[in-house]
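Please open the structure in your viewer and keep the selection tool at hand. The tour below says what to select at each stop and what is there.

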Amino acid sequence: MFSSPKTSFPQSPRLSKNEHRSIHRSETAHNKITKRRHRKKMNHLAKFATCALLAIAPLAHAKCDCNNLLINGSFEESLFLPSTWATIPGNDNTSIVGWETVGSGVEWYKDTDDTGKNPDGDYAIDLNNYRSEDGGGIQQSFATSAGARYLVQFYASTQKSAGRLGTAKLSVSIGDESYVFNLKTDESKSDWTYFSFSFKATDTLSTLKLTTNTDSLKSFTNIDNVSVTHICGPKAVLIDL
């Protein structure tokens, strides 16, 4: 029996095997960072394009107002701000200005190196209160005009760390409409994604509710930069970037 000689591929004489491995790891990390930055840039472009489209209307219509109808949509306002994070129980309407917690409550946290940067400001909400295996949520009511259309926008994320699986399920309801957003990532830091949908108000007061029913010991369900704006003029066409 004859065995084929092993084929070896020459490496650069100036680099050791360890140095080659180091370069490969650096390139891999750089590619992940570049991909993450590109995704974040496209999310911001999507949001900018949406607001720009809402402002397009003939002179017969009033100027479109893109102001957020919600109070404290980025969770930066409060009588106190957590130095790192705080658990807020359900049925609390005083801790987070403008919002009421529901279910098992939420975790209110400040971004760190472990969580990664939040989309807007320093703070965000995790709908999974780790003190309970049941999911929680938040809600806010605001004035609307029956028959008018509104645009809901927000960022959501999860992460695969601290024993969590990197999966989450976010439920969003307003009026008679409800949506479910399934989140998944292999990233150890929050992997934020921009979401939006429109709804038609049926009353003079509408309530936006964001909840999760996932196990708080297995999932993070993070939200930030939540807004509701009035859609005026012709029906806007949303562009999926």
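Begin by selecting strand β5 and strand β10 (residues 205–211), which run antiparallel and are joined by seven bridges; strands here are DSSP runs of E with at least two residues, helices are runs of H or I with at least four residues, both numbered from the N terminus, and two strands pair if DSSP finds at least two bridges between them. Within this pair, pick out Gly137, which stands opposite Thr211 in β10.

A word on what you are viewing: this is a predicted model, in which local features need pLDDT of at least 70 and side-chain atom pairs count only at pLDDT 80 or more, while totals for chains, interfaces and linings use all residues. Residues are numbered from 1 along each chain as its sequence is written, and side-chain values use heavy atoms, with hydrogens and water left out.

Now colour β5 (residues 136–143) by burial: six of its eight residues are buried, so the strand is largely enclosed by the rest of the structure. Buried means under 20% relative accessible area, exposed over 50%, and partly exposed in between, with a 1.4 Å probe and protein chains only.

Zoom out to the whole protein chain, which holds one helix and 11 strands, and where buried residues make up 39% of the 241 residues.

For the next stop, select Trp85, Glu107, Tyr109, Thr115 and Phe220, which lie nearest the centre of the largest pocket among the 16 residues that line it. A pocket, on a 1 Å grid over the protein atoms alone, is an open set of points where a 1.4 Å probe fits, with protein on both sides within 12 Å along at least five of seven lines, and lining residues have an atom within 4 Å of a point. Strand β3 (residues 106–110) gives the most to this lining, with three residues.

Phe75, with a phi of about 60°, is found in the loop between α1 (17–54) and β1 (85–88), and Phe75 is buried, with a relative accessible area of 0%. Asn225, with a phi of about 55°, lies in strand β11 (residues 222–231), and Asn225 is also buried, with a relative accessible area of 13%.
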